[in-house]
Amino acid sequence: MKLWRRSEPIPLKCDIKNSYSRNLLLRFVVGSTTIAVSIAAYCTYLAARNLALADLQQSAFQQVQRGVDEIEEWLHVRKVEVQTLANTATVRTLDWSVADPYLQAEVKRINEFFFFQIVTPDGSFSNTQVGRSTKNIKDRDFFQKAIAGQSNISDPFISRSTGIPLIAIATPIYGNSQANGSPIGVFHGNVKVDRINKVVNSLRYGNNSYAFALNSQGQAIVHPNAALMSTLEKPAPSLLKIADRNLNAIAQQMVNKQQGIQLLEIDGTKKYVAYIPLQEANWSLALVIPRENIESRLQFLDLIALIVAGLTVTMITVLWRVQAFEQAQLKKSQTAAETANLAKSEFLANMSHELRTPLNGILGCAQILLRSQGLPEKEQYHVNIIEQCGSHLLTLINDILDLSKIEARKLELHPQDVHFPSFLQGIAEIAQIRAEQKGILFVYETVNELPTAVHIDVKRLRQVLLNLLGNAIKFTDEGQVRFKIQAIAQLDSHGQTQKYFIHCSIEDTGIGIAPAELSKIFLPFEQVGEKKRQTEGTGLGLAITRQLVQMMGSDIHVKSQVGEGSTFWFELEMPAASEWVQSAMAASTKQIIGFEDSPRTILMVDDRWENRTVITNLLQPLGFDVVEANNGQEGLAKAIAIKPDLVITDLLMPEMDGFELIHSLRHTPEIQDIKIIVSSASVFEADQNRSLQAGGNDFLSKPVQVDELLNQLEQHLNLTWIYQQSQSERQVTNKLATVNIPSDSLIPPSPEVLGELITLAEKGNFNAILKWADQLEASEPNLANFANQLRQLARQFDEDILISFLNQNEVETR
């Protein structure tokens with residue numbers, strides 16, 4: 001009995017020792033892996049930091065390039081204008097009495113030149129500022145080059161006729177339109193240095209950065225230090241001869257037409273200097289940037305390195321504490337060991353939050369960087385290593401600490417008015433792109449007419465639809481995905497639409513879901529199907545999607561059969577939004593109701609009528625003439641025919657897509673300078689960059705946001721908006737409008753014309769009414785008083801007063 005009693009604890013003790021040995025080996029493996037992964041992550045951090053620094057330097061260099069390109073383009077256009085004028089018969093006469101009126105008009109028309117000047121071979125000249133001058137410019141370098149047959153752009157000089165610092169853009173004048181023989185004179189347009197100053201001074205890269213421009217002698221054309229600004233008559237010290245050796249070296253490279261970016265010590269501090277030469281003029285442009293302005297942007301990567309180091313220390317500390325904890329428990333009995341294991345589990349569970357939070361931050365930031373389309377391939381490789389290392393650490397921690405699943409977050413809905421057909425079309429276009437990339441068919445089907453506008457949380461509904469469509473496409477390798485929408489209107493007691501019941505279904509021919517797994521698909525972190533497909537997600541998508549639909553007052557239903565596919569559907573109740581255009585335009589304090597100057601023509605190119613209708617309904621009430629085209633081929637033909645002021649085009653279209661259309665517009669001489677806005681549901685950065693590189697002036701994402709559209713039109717068409725008058729403003733306007741021309745002196749036009757004017761007034765098309773007023777006054781002088789009164793009322797933008805005036809005259813003509 002004694003032997004039996006003595007031998008009884010031995011198996012338990014051996015089990016505890018064996019368990020301890022296994023745990024010790026496990027901790028050794030985990031600790032070694034943690035250290036190895038951390039070392040790899042640190043090496044990757046150093047490589048990624050160097051690449052990121054190079055990318056930031058390139059960004060600063062591109063800032064200088066932007067200034068160079070802007071100056072180059074401006075000088076090139078001015079140079080072409082001077083050469084064009086020099087080649088006119090009027091200028092070739094060298095007769096100032098003939099050329100003066102013509103050049104005076106050109107100064108006003110172009111509005112970029114201070115004056116134009118004609119110079120005879122002996123150096124005497126006449127210009128649009130002083131007329132004929134008794135002074136002589138034969139010694140000017142730009143004159144000597146031009147009389148020798150070379151068009152050129154001068155360094156800044158002080159004009160002998162005006163005393164103002166100017167830049168001359170000079171070109172030879174030949175006796176005929178061909179550049180044969182010797183020049184008979186010189187023609188040049190003089191511009192103020194202010195434009196160059198403005199561009200150079202606009203270049204910034206953070207606080208305390210500044211830009212400057214040098215001429216071929218190393219003298220400053222533009223510099224924040226006015227004492228360094230140089231002209232021919234008042235030369236300033238050349239940077240080639242100043243005491244600062246580093247700045248002197250940079251100036252020498254700029255004079256030698258080199259480009260680059262260097263970190264140097266200037267004025268006692270480390271600064272980056274980026275410099276690029278110009279081609280049109282013998283100048284060079286530089287941007288001086290404090291070192292911290294660039295390197296402070298690397299704090300994100302430094303933070304990642306700090307977090308990784310902290311995690312490594314924390315992990316090793318946790319493992320050491322666990323090991324010490326188990327060593328103490330080894331000496332206790334089975335009950336004490338079980339109690340210790342329970343205490344350990346509770347301790348590790350509490351530690352999980354401290355470990356997982358920073359690690360998830362690393363993974364999230366790494367994934368954001370990996371999704372960046374502009375990230376270089378080498379940098380993507382190193383960031384991918386960070387992401388893989390972080391994922392490995394997270395797996396180890398989850399296995400050791402036995403983490404629980406996180407709960408779904410609480411969300412709030414923020415409904416707003418939206419144009420429903422174009423919203424759904426945007427969703428369908430995104431799904432279409434994903435389906436084409438996978439090589440399957442995508443079908444978008446509307447069972448009946450959709451409501452024009454509804455009141456719904458656009459962001460959350462888009463999230464729901466894109467998640468369901470994305471899952472359908474992911475689990476479908478062949479066949480099709482069908483997106484079907486059905487709307488049922490519910491009328492109120494007055495027969496007006498009050499709300500809609502929208503039935504949405506997504507049907508696929510994918511792998512299907514087994515009946516036993518249907519109950520799991522909406523649980524957080526639960527994934528069903530093939531293992532290789534589970535790695536593409538987190539298992540939260542359907543859980544969040546269902547929660548969003550439930551918050552909207554419905555639920556998601558599903559039916560599926562393995563090998564044949566699945567169908568997800570839900571129904572939502574959506575209030576109607578009849579004033580979606582007005583509510584969208586009322587974002588500012590005053591509502592836009594038109595614009596000054598003559599009407600502008602907009603060409604809308606899109607194969608979907610919903611998208612064209614949005615633009616037409618938004619812009620026509622404001623006075624725009626909107627012309628629609630169904631595809632790129634039709635759009636190109638209409639653009640050539642009507643020469644619109646601006647084109648809005650989709651990207652994905654039959655016959656000719658948006659990229660081909662932009663290319664054709666830019667290579668058609670008569671319309672190559674037309675403004676182009678690309679509007680697409682594909683908001684990926686790569687598509688935006690590609691459309692702008694193809695020749696687009698701007699990008700407008702779908703669904704179209706009214707404020708963004710109007711802002712782009714204002715920018716590219718130089719519009720001045722007319723806003724709705726407030727009540728107090730209307731009262732003042734109405735009082736002024738009461739001082740009318742006596743009715744017996746007004747001769748109204750024919751009843752047909754009055755009827756047309758009333759129709760335009762009811763539509764609020766004031767620009768068209770102003771056109772009618774001009775036509776009436778020009779065609780029939782006896783209608784001048786009526787046309788003048790009509791013009792005054794139209795400019796008040798008050799429909800009621802205008803319609804009342806027209807109705808009164810219509811009664812008098814009967």
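User: Quick overview first. How many helices and strands in the protein?

Analyst: The secondary structure comes to 26 helices and 26 strands. Keep in mind that this is a predicted model.

User: What share of the residues is buried?

Analyst: Buried residues make up 45% of the 814 residues.

User: And the contacts? What share join residues at least 24 apart?

Analyst: That share is 64%, counted among contacts between residues at least 6 apart in sequence.

User: On to the largest nonpolar core. Which residues touch the most other members?

Analyst: F187, W283 and L285 do. The core has 47 residues.

User: Which helix gives the most to this core?

Analyst: Helix α2, residues 9-86. Its share is 12 residues.

User: What is W283 in contact with, leaving aside its neighbours within four places in sequence?

Analyst: The list is L75, I153, S154, D155, I167, I196, L214, N215, I221, K257, P277 and L278.

User: Now helix packing. At what angle do α12 and α13 cross?

Analyst: At roughly 25 degrees, with the axes coming within 10 Å. Helix α12 covers residues 420-438 and helix α13 covers residues 458-474.

User: Roughly parallel or roughly antiparallel?

Analyst: Roughly parallel. Angles under 35 degrees count that way.

User: Left-handed or right-handed crossing?

Analyst: Helix α12 passes α13 in a right-handed crossing.

User: Which residues make the contact?

Analyst: From α12: F420, F423, L424, I427, I430, A431, R434, A435 and K438. From α13: V458, L461, R462, L465, L466, L469, G470, I473 and K474. They divide into 13 nonpolar, one polar and four charged.

User: Next pair, α24 and α25. What is the angle?

Analyst: About 165 degrees, with the axes 8 Å apart. That pairs residues 766-779 of α24 with residues 784-794 of α25. The two helices are therefore roughly antiparallel, and their crossing is left-handed.

User: Which residues make that contact?

Analyst: α24 brings F766, I769, L770, A773, D774, L776 and E777. α25 brings A784, F786, A787, L790, R791 and A794.

User: What about I747? Where does it lie?

Analyst: I747 lies in the loop between α22 (727-737) and α23 (751-763). I747 is partly exposed, at 39% relative accessible area.

User: What is I747 in contact with, neighbours within four places aside?

Analyst: N782, L783 and F786. The C-alpha atoms of I747 and F786 are separated by 6.2 Å. Along the chain those two are 39 residues apart.

User: Backbone next. What is the phi of N208?

Analyst: Positive, about 65 degrees, although N208 is not a glycine. Most residues other than glycine have a negative phi.

User: Where is N208, and is it buried or exposed?

Analyst: N208 sits in the loop between α6 (194-202) and β8 (210-214). N208 is exposed, with a relative accessible area of 65%.

User: And what is the phi of K643?

Analyst: About 50 degrees, again positive and again not a glycine. K643 lies in the loop between α18 (632-642) and β23 (646-649). K643 counts as partly exposed, at 46% relative accessibility.

Methods:
Residues numbered from 1 in each chain as written. Predicted model: local features only at pLDDT ≥ 70, side-chain atom pairs only at ≥ 80, totals over all residues. Heavy atoms only, no water. Axes fitted to C-alpha atoms, helices over the stretch in contact; angles between N-to-C directions. Helix = DSSP H or I, 4+ residues; strand = E, 2+ residues; numbered from the N terminus. Parallel < 35°, antiparallel > 145°, perpendicular 65-115°, else oblique. Left-handed = near helix turned anticlockwise from the far one by under 90°. Contact = heavy atoms within 4.5 Å. Nonpolar A, V, L, I, M, F, W, Y, C, P; charged D, E, K, R; others polar. Core = buried A, V, L, I, M, F, W, Y, C linked by side-chain atoms within 4.5 Å. Buried < 20%, exposed > 50% of the residue type's maximum accessible area, 1.4 Å probe, protein only.
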